[in-house]
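Below are my comments on the model, in numbered points. Please read them with the structure open.

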Amino acid sequence: MLSKKPVTRMLSAAILTGSLLGAGASFSTEPVQAASTVEGSSSLAKTHAITTLHEIYNKAFSGEMPYTATGLKINENAQKDVYNTFGSPPEPGDADGTFDFYHAEMGHPGFAFAYSEDKIISQIRYFGTNVERAHNLGSITPKVLGEQLGSADQIRHISSTDEINYIYKTGDYELQFIVGADQTVNHVNLLEDK
């Protein structure tokens with residue numbers, strides 16, 4: 001007849017070993033879950049960036065940019081309309097006084113506006129957001145431009161800044177995606193197609 005003590009010890013050892021292995025298994029999946037969260041976050045950022053890209057592209061056909069700049073159109077609205085929407089520029093424009101700059105703040109995208117001699121909007125620049133840039137222009141690369149918008153109508157090298165300008169014709173307008181050294185879009189220009 002077998003004693004109950006060895007059976008109890010074997011059963012206890014099996015339970016303890018199973019518990020330890022079970023606990024170990026939960027530890028080993030944590031890095032996998034963290035990696036998939038990072039991967040999911042990257043995928044979400046790219047999805048947001050592609051949405052932004054399409055919003056910019058679609059608005060360009062009407063001579064305007066999305067978000068806060070909606071309703072401000074090239075060759076239609078004046079500098080006073082920009083000031084009514086954005087307020088006075090927080091700092092003086094560039095050296096020749098052509099652009100009014102509005103910096104990105106708290107997740108809101110940055111813009112700049114250039115004017116003709118009679119103070120009508122002649123160009124709008126979109127700088128995207130600084131916070132979570134990957135959800136905006138920071139995830140738009142030349143490859144993404146090609147996949148989403150097709151081949152650019154023209155590509156120019158900007159020697160003064162060593163950037164590449166991917167140009168898309170949007171009806172009466174020209175949309176320029178300025179790609180920097182990091183191979184992401186630095187900013188977007190919208191102007192009348194000449």
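1. Contact here means heavy atoms within 4.5 Å. Apart from neighbours within four places in sequence, Ser139 is in contact with Ala45, Lys46, Ala49, Arg133, Ala134 and Val144. Ser139 sits in the loop between E3 and H3; helices (H or I, at least four residues) and strands (E, at least two) are DSSP runs, numbered from the N terminus. Ser139 counts as buried because its relative accessible area is 19%, where buried means under 20%, exposed over 50% and partly exposed in between (1.4 Å probe, protein chains only).

2. A word on the source. This is a predicted model, in which local features need pLDDT of at least 70 and side-chain atom pairs count only at pLDDT 80 or more, while totals for chains, interfaces and linings use all residues. Residues are numbered from 1 along each chain as its sequence is written, and side-chain values use heavy atoms, with hydrogens and water left out.

3. Which residues touch the most other members of the largest nonpolar core? They are Met65, Phe113, Leu145, Leu175, Phe177 and Val188, out of 32 residues in that core. Such a core is a set of buried Ala, Val, Leu, Ile, Met, Phe, Trp, Tyr and Cys residues joined through side-chain atoms within 4.5 Å. Helix H1 (4-60) gives two or more residues to this core, as do strand E2 (110-115), E3, helix H3 (142-149), E5, E6 and E7. H1 provides the largest share, six residues.

4. Val188 deserves a separate look. Not counting residues up to four places away in sequence, Val188 touches Ile56, Met65, Ile124, Arg125, Tyr126, Leu137, Leu175, Gln176 and Phe177.

5. The whole structure has five salt bridges, a salt bridge being a side-chain nitrogen of Lys or Arg within 4 Å of a carboxyl oxygen of Asp or Glu. One of them joins Lys169 to Glu174, with the closest N and O atoms 3.0 Å apart. Another joins Asp193 and Lys169 (2.9 Å, N to O). This pair links distant parts of the chain, with Asp193 in the segment after E7 and Lys169 in strand E5, 24 residues apart. Through shared partners, Lys169, Glu174 and Asp193 form one network.

6. How accessible are these partners? Glu174 is buried, with a relative accessible area of 7%. Lys169 is partly exposed at 33%, and Asp193 is partly exposed at 27%.

7. Elsewhere, Lys80 forms a salt bridge with Asp81, the closest N and O atoms being 3.7 Å apart. Lys80 is exposed, as its relative accessible area is 57%.
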